[in-house]
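The sequence and the structure are shown first.

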Amino acid sequence: MEHTAELIDWSRAQFALTALYHWLFVPLTLGLTFIIAIMETIYVKTGDAWWKKTTQFWMTILAINFAIGLATGIIMEFEFGTNWSNYSWIVGDIFGAPLAIEGLMAFFMESTFFAVMFFGWEKVSKKMHLTSTWLVAIGSNLSALWILVANGWMQHPVGMTFNPDTARNEMHDFAAVFFNPNAVSKFLHTISSGYVLASVFVIGISAWYLIKRREVMFAKRSMIVAASFGLLASLFMLTSGDQSAYEVAQSQPMKLAAMEGLYKGEERAGIIAIGLLDREKELGDEKEPFLFSVEIPNALSFLGYHSLNAFVPGIHDLVYGNEKHHIMSVSDKMKEGKLAVSALSEYKTYKKEGKNTKAEEALQNFRAHEKYMGYGYLKSPKDAVPNVALTFYSFHTMVGLGTWFLILFILVLYFTMINEIEKKRWLMYAALWSIPLAYVAQECGWIVAEAGRQPWAIQDLLPVGMAASNVASSSVMITFWLFAVLFTGLLIAEVKIMLTQIKNGPEAH
Amino acid sequence: MKIGKKLWLLIAIKLFILFVIIKWIFFPNFLKTKFDTDAQRSRYILEQLTESKE
């Protein structure tokens, strides 16, 4: 059986589907746990029973999200073993450690204290209960840490050596993997975006109560906590996003070029504030990439390289090379990659024949070229280019919505503080409709991160085509639809149960 | 607690579907079912990595 384009497309589609659905549940947990912990802290400090009721209401919403989202991520691990077995074998030692720590430490910590938090109101002391709530928040964020350490390694592989005898990458520097700048910036950006989503969620639901003119005090108190938390998270997200873009520029310049639809590299490159890509534009032609665009001058140079005058390579420079800026072309990298693959093949043959001296020479040859090994599997230099339109529009949707949420938090906080929020019905409707937009922004972020780094399963080392298992594409297609039905069912259940709880209101507690 | 019972039931059904039906029927570990030892698995992956893809 061969790796057909159909098999790879279905395997990717299935992984994307499960990851995107899984991510509908995660960010709310990441942020809502902290919002609840803050509310409960106010309750313990003030002894005000209203805050207890407020905390318990949001805790029930969290429990619904937690219960329905629970174990949806495990499906991705099933897929690693079945659809992505080459990848799983090759990265096993690197991926295994963070995921095992996540399972053993963070998830069990989160789950154990979740039980105390949810069921222990009258069974443990106030302080013990509050400690459990904070530990749930910390545990859920620690879970994300380990997953993002693993993901950061795929984006920027460090701290490992490829063992040509076992065909596995072996971790030789745990600190390099853990403190991988890509992983650190991705973790901070991801959790802060989760805080923003949870804040928008709490504000949106509270706005619905105000629109309905019920639970007024509860809604206003929730809004103040969520808007304050969301505002701080948004400001932090701005800085973590800046750091994330800087890391992308260093280790994944093609992704940065796709994020901005930048075909020809330039010094003092600007960021496209609003733009419409020309669908007819192709790599190598002289057409302008945009039918219409509004640019912020110098901003991309600053974002990517922290210098207003820096040269930002475009897709054309990265594919065809740029001597002036010492950028190697993809075809040269492909030559290097093919030398690595060929040397690995020779090493394997000589080892089998017991010719150890020749095997050692082949190994040295492999080491000299292994940096570009993945390029050896590409069929054309253009294969190194991700889907530009998907990456560009996802990135700009994410940034645009992130900016709107920052404005929303400022407005909600201001009008709640001066006690005029109920008069601003347009703002309450805007807050309510921002809930689905917050989820759109989350998913766009992951599309940028993952679709923007195609064709790589592991950056520069393993393209997705080589990472997939030789299984029948029809079986992947069947399970794709199976998951689509299962996840949609879970999502409907979540929304239905949540809506019932929201309609019942905090008084039901 | 009504909501609690509902959630526990949902968790039980979901875990049954995930681990008993989906994992068992649709997601066998490809390398574990095809090969008995790690050495065989390594050889297979090396073959995959080095065979000509032209």
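Chain A may next be considered as a whole. Its secondary structure comes to 17 helices and eight strands. The radius of gyration of chain A is 25 Å, close to the 23 Å that the globule rule gives for 509 residues, so chain A is as compact as a globular protein of that length. Taken along the principal axes, the C-alpha atoms of chain A fill a box of roughly 80 × 50 × 40 Å. Of the 509 residues of chain A, 50% count as buried. Among the contacts in chain A with a separation of 6 or more, 77% are made by residues 24 or more positions apart.

Chain B presents its own picture. Which elements does chain B have, from the N terminus on? Its elements run α-α-α, and there are three helices and zero strands in the chain. The radius of gyration of chain B is 20 Å, well over the 10 Å that the globule rule gives for 54 residues, so chain B is more spread out than a compact globule. Along its principal axes, the C-alpha trace of chain B spans about 60 × 25 × 15 Å. Of the 54 residues of chain B, 17% count as buried.

The two chains meet in a contact that takes 25 residues from chain B and 34 residues from chain A. On the side of chain B that touches chain A, α1, α2 (30-34) and α3 of chain B each supply at least two residues. The largest share of that side, 12 residues, comes from α1(B). The residues of the side of chain B that touches chain A divide into 16 nonpolar, four polar and five charged.

One helix of chain A brings both chains into view. In helix α3 (residues 74-82) of chain A, the residues Ile75(A), Phe78(A), Glu79(A), Phe80(A) and Thr82(A) are buried. What covers these buried residues of α3(A) includes α1 (5-46), α4 (85-119) and α17 (473-504) of chain A, together with α1 and α2 of chain B.

Strand β1 (residues 160-163) of chain A and strand β2 (residues 168-171) of chain A run antiparallel and are joined by four bridges. Met160(A) stands opposite Met171(A) in β2(A). The hairpin of β1(A) and β2(A) has four residues between the strands, and there Ala167(A) takes a positive phi near 60 degrees.

Two further residues have a positive phi. Arg268(A), although it is not a glycine, has a positive phi of about 50 degrees. Arg268(A) lies in the loop between β3 (266-267) and β4 (271-277) of chain A, and it counts as partly exposed because it has 16 C-beta neighbours inside 10 Å. Asn298(A), also not a glycine, has a positive phi of about 70 degrees. The loop between β5 (290-296) and α10 (299-305) of chain A holds Asn298(A), which is partly exposed, with 17 other C-beta atoms within 10 Å. Elsewhere, a cis peptide bond with omega of about 15 degrees joins Gln454(A) and Pro455(A). Pro455(A) is found in the loop between α15 (425-451) and β7 (456-458) of chain A.

Confidence remains to be considered. The model scores ipTM 0.86 and pTM 0.92. The mean pLDDT of chain B is 84, and 93% of its residues reach 70 or more. Where pLDDT is low, the predicted coordinates should not be read in detail.

Conventions
Residues are numbered from 1 along each chain as its sequence is written. Chains are lettered from A and ligands numbered from 1 in the order in which they are written. This is a predicted model: local features need pLDDT of at least 70, side-chain atom pairs count only at pLDDT 80 or more; totals for chains, interfaces and linings use all residues. pLDDT is the predictor's confidence in each residue, from 0 to 100. The radius of gyration is taken over C-alpha atoms; the globule rule is 2.2 Å times the number of residues to the power 0.38. A residue is buried if 20 or more other C-beta atoms lie within 10 Å of its own, exposed if 12 or fewer, and partly exposed in between; C-beta atoms are placed from the backbone. Two residues are in contact if their C-beta atoms, placed from the backbone, lie within 7 Å. Ala, Val, Leu, Ile, Met, Phe, Trp, Tyr, Cys and Pro count as nonpolar, Asp, Glu, Lys and Arg as charged, and the others, Gly among them, as polar. Two strands pair if DSSP finds at least two bridges between them.
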